[in-house]
Amino acid sequence: MKDLLTRYRSVFFLPIAVLLFVLIILEFYFVFQITPQPNDECLWIPKIIYKDSVGFFFDEVKENGVTWNAGIRDGDQFIAINDEPVTDLQIANQILNSLSSGDSVAYTVKRGGELITTNVEVKKLLQFGGLAFALIAGIWLVIGFWIYSVKPDGLSQILFYRIGAALTLFSAFNILLTENILNPIYDYPVVVIILDYLWTLGGAFLPFLIIHFFWVFPKPFSFAEKKITKKILYITPLVLFVLSILMRIFLVYLGEFNSSAFYYYYPSFNLSAIFVGTLIGLVSLFINYTRLKTKRERDSIFIILIAYGIAVAAIAYTFMLSFTGNYALKYNSPEFFMPIILIALLPVSFGYSIFKYSLLDVSDVVKNTVLYGAATVFIAAVYFFIIYFVGQYIGQAISTEYQGLIAGVIFILFAIIFQSTKDNFQQLITKKFYPEQFAYQKVILKFSSDVPSIVGLENILSSTKSTFVESLQVQNFGIAIRNKHNNKFFDVAEGVGFKEFPFSLKIDFAKLAEHILSRKDSALPVVIEENNFEAIFPDDSEQLKNENIHTIIPLVINSKIIGMLLFGLKHSGSKFIGGDLELLTVAANQVAVAIENARLYESEKDKVKLELELENARRIQNSLLPKSIPYIKGLGLAGTMIPAMQVGGDYYDLIKVSDSKIFVIVGDVSGKGLSASFYMSKLQTMMQLYCSDNKTPREVLIEINRKIYGFIERNWFITISIALFDIEKRNILFCRAGHTPLVLCRNGIISEIKPAGIGVGLEAGDIFERTIEQIELPILKDDLFALYSDGVNETMNTKSELFGEERLYQAIKNFCHEDASNILKRVLDSLNEFRNTAEQSDDITLVMARLNS
């Protein structure tokens, strides 16, 4: 149902809006023409005059009022009205109600036993409460209509329009008023029941819509975005509505159907709920006001806050007057109830802030509509004026035989000129009155035509950033590109104005696809706005808001999302809306095409280069690995290095220095490709040179660090682990320079050997020497030692999960009773089974050493 309503929202919107406007017009008609109460500015008090006989006496006659001016005073008995005996006040009210304001009515009164007949001017009293609600509903509905038309998918805009609709429905009570009047609507019971349902529905939902709106405007509270909050805000009024209808069914509909019954069972709890909801809304707005940071934001809300406070005070004041029970005040001094009309200031204040501060993203569009409409009307008037006079001139100058043909040609010619002139005139207005919007149009259209010709992904991203940041002065901007290794993530590759950069975004693609389809079905630009963040970016919505991102436009090519453009506020401090979004979407489409073309070009270009580089790098890398496993009596050795698709910097070596001593080395160069192969070859040469019978691992690493630091690039480094096995002394010396720890499995128990040390090539020597630590361990029969690179524990599966140390250690533990080569094979099998079909992203190096005797 939700998807159906979203898809056809634009279809339902206009017919429903028309019905609401018809209803509000009908309400104003009843307020001014049907429901004004007759008022003779006095009270009629019933008194027992003889046993069960009741008479009606005048009381609280207002001095200089219409009854006072007719000569009637307090204590006079009311005998007849227009010669009709007053035996029932309802009959007297009906006679008064049948007359128009300004007419005269004959009152017959009795004073001191004397009958006096005098004419009293008929005065009608507007229902100020009804007028106030009709005014606020009408104004709110008009503004809400414009706001929703501009941004039909914005949460604040939707809620604002819903409040206008609920106010309009609630104000339908004006059509049902019956106190002291003859209301013709009660001649149509079905219509009355429908209207009664409508105003009850509006009254039930209105306070909760007010609360929801001011919980998300001008900035949303975190609790307002929770699903449970939304359920409470919409299920509660639905329950209240059902209970109210059930009350009517049992108390009114199933009883005697008459107008007084409706008035008697008027559910005043709706008014109380509206007042409570209004108070909560005011408090929420005040709290939100204190959260605003900039002066412009506070100024835009301040006028609304003041108007809101006045409206609440007016409602509270009217409630207090109503509950005093002072009927003389109500009928003799109705002006005391006029302040309730001040509630209409609230939507007026919204209108003011919308026009002055571009609140709710509507100001520019409304102004454009008014100005462009005026421009079109002006040009159309000039157009028809010219047509008329040209036609008159032609009629006088040529014969009647060709007048019709020539008039038709001129009409078509001027129709073409009219469209062109109108477009040019509107462009002139945009340039004159909206220079920012005009500049945006000009820059974005030029960028859209230029970007497809830009070569290279980096150049495209740089040009895109330059256009939006430098030319258009967008305060926060970023370009997110889809992660090559994990399609669920988008990496923000270029950005300006971010507190945390770079960062990645995880997307719920099901929600995104649903959102895109909804936008397309509604003929709206494919844009992700703040109210969509929580659904589409469930893990990163808060970060986007903290980074002041308000609008995201997907980069789509061939139904595939390859990236996103992230926008903050414009230079003026307002959000991108309306025509801006259409222009940005056009630009985004061109950026998507350019990026895809750049990728295809780079892909083809890199294929040849990569094949050559891989071939050379693999040749170098393979040449550095041990050709055979050296023999050391009592020590089983096995090692392997599995290169990734792109050759990395892993290296291992087994250097025998005596019959009982051997160095086991595992290294990892920080980069990839030919450069990494170059450093690997240097490292291998140095290892072969410095690993000798009289050197310890620590001494070897210190010497190598001094040499490598002199020529390695500053953004490169090498991590190394060196273990020197001495079978004769039954010990091992181990040292590591920023590499993964040595793993020892002894009697089925796994332990990590982690001496301190930093990577080779990071520092000239002093700090390296102070921090590098060497550990000596005894070795026992069946001890198993494992040296590995981070490509092992950082292997990822198709779910983006890491293999990790725990799985590695468990695999070693499971097979530690076998020989070194079998253990190596078993661990690699476990690794491949975990990785499944995921691409290997880094070199995998693993060496096993097991003491067999």
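This dialogue walks through a predicted model of one protein chain, feature by feature.

Biologist: What should I know before I start?

Modeller: This is a predicted model: local features need pLDDT of at least 70, side-chain atom pairs count only at pLDDT 80 or more, and totals for chains, interfaces and linings use all residues. Residues are numbered from 1 along each chain as its sequence is written, and side-chain values use heavy atoms, with hydrogens and water left out.

Biologist: What is the mean pLDDT of the chain, and where is confidence lowest and highest?

Modeller: pLDDT is the predictor's confidence in each residue, from 0 to 100. The chain has a mean of 82, and 83% of its residues reach 70 or more. Confidence is lowest in helix α10 (residues 259-264), at a mean of 45. Strand β23 (residues 784-788) is highest, at 96. Over residues 257-267 the pLDDT is below 50. Where pLDDT is low, the predicted coordinates should not be read in detail.

Biologist: How many helices and strands does the chain have?

Modeller: Both are DSSP runs, numbered from the N terminus: helices are H or I with at least four residues, strands are E with at least two. The chain has 28 helices and 24 strands. Take helix α24 (residues 697-709). The expected span of a helix is 1.5 Å times one less than its number of residues. For the 13 residues of α24 that gives 18 Å, and the end C-alpha atoms are 18 Å apart, which agrees.

Biologist: What share of the residues is buried?

Modeller: Buried means under 20% relative accessible area, exposed over 50%, and partly exposed in between (1.4 Å probe, protein chains only). Of the 853 residues in the chain, 49% are buried. In α24 the buried residues are Pro697, Val700, Leu701, Ile702, Ile704, Asn705 and Ile708.

Biologist: How do I read a strand such as β18?

Modeller: In a regular strand the side chains alternate between the two faces of the sheet. In β18, one side holds Ile718, Ile720, Ile722, Leu724 and Asp726, all buried.

Biologist: Which strands are joined to β18 by bridges?

Modeller: Strands of a sheet pair through backbone hydrogen bonds, either parallel or antiparallel. Here, two strands pair if DSSP finds at least two bridges between them. Strand β17 (residues 661-669) runs antiparallel to β18, with nine bridges. Asp668 stands opposite Thr719 of β18. Strand β19 (residues 731-737) is also antiparallel to β18, with six bridges. There, Leu724 has Leu733 as its bridge partner. β18 and β19 form a hairpin with four residues between them.

Biologist: What is the strand order in the open sheet of six strands?

Modeller: The order is β11-β10-β9-β14-β13-β12, with antiparallel pairing. β11 (504-506) and β12 (528-529) stand at the edges, each with a single partner strand, so one side of each has no neighbour in the sheet.

Biologist: Which residues touch the most other members of the largest nonpolar core?

Modeller: In soluble globular proteins, nonpolar side chains tend to be buried together. A nonpolar core is a set of buried Ala, Val, Leu, Ile, Met, Phe, Trp, Tyr and Cys residues joined through side-chain atoms within 4.5 Å. The largest core here has 79 residues, and Phe217 and Phe350 touch the most other members. Helix α8 (residues 189-216) gives the largest share, 14 residues. Apart from that core lies another, of 31 residues, including Phe663 and Ile722.

Biologist: Where is isoleucine 844, and is it buried or exposed?

Modeller: Ile844 is in strand β24. At 1% relative accessibility, Ile844 is buried. Contact means heavy atoms within 4.5 Å. Beyond neighbours within four places in sequence, Ile844 has contacts that include Ile642, Val792 and Leu828. Ile844 and Ile642 are 202 residues apart along the chain, yet their C-alpha atoms are separated by 5.0 Å.

Biologist: Which backbone angles stand out?

Modeller: Most residues other than glycine have a negative phi, and most peptide bonds are trans. Phe217 and Pro218 are joined by a cis peptide bond, with omega about -5°. Asn64 has a positive phi, near 70°. Asn64 is exposed, at 56% relative accessibility. Ser800 has a positive phi of about 65°. Ser800 is partly exposed, with a relative accessible area of 30%.
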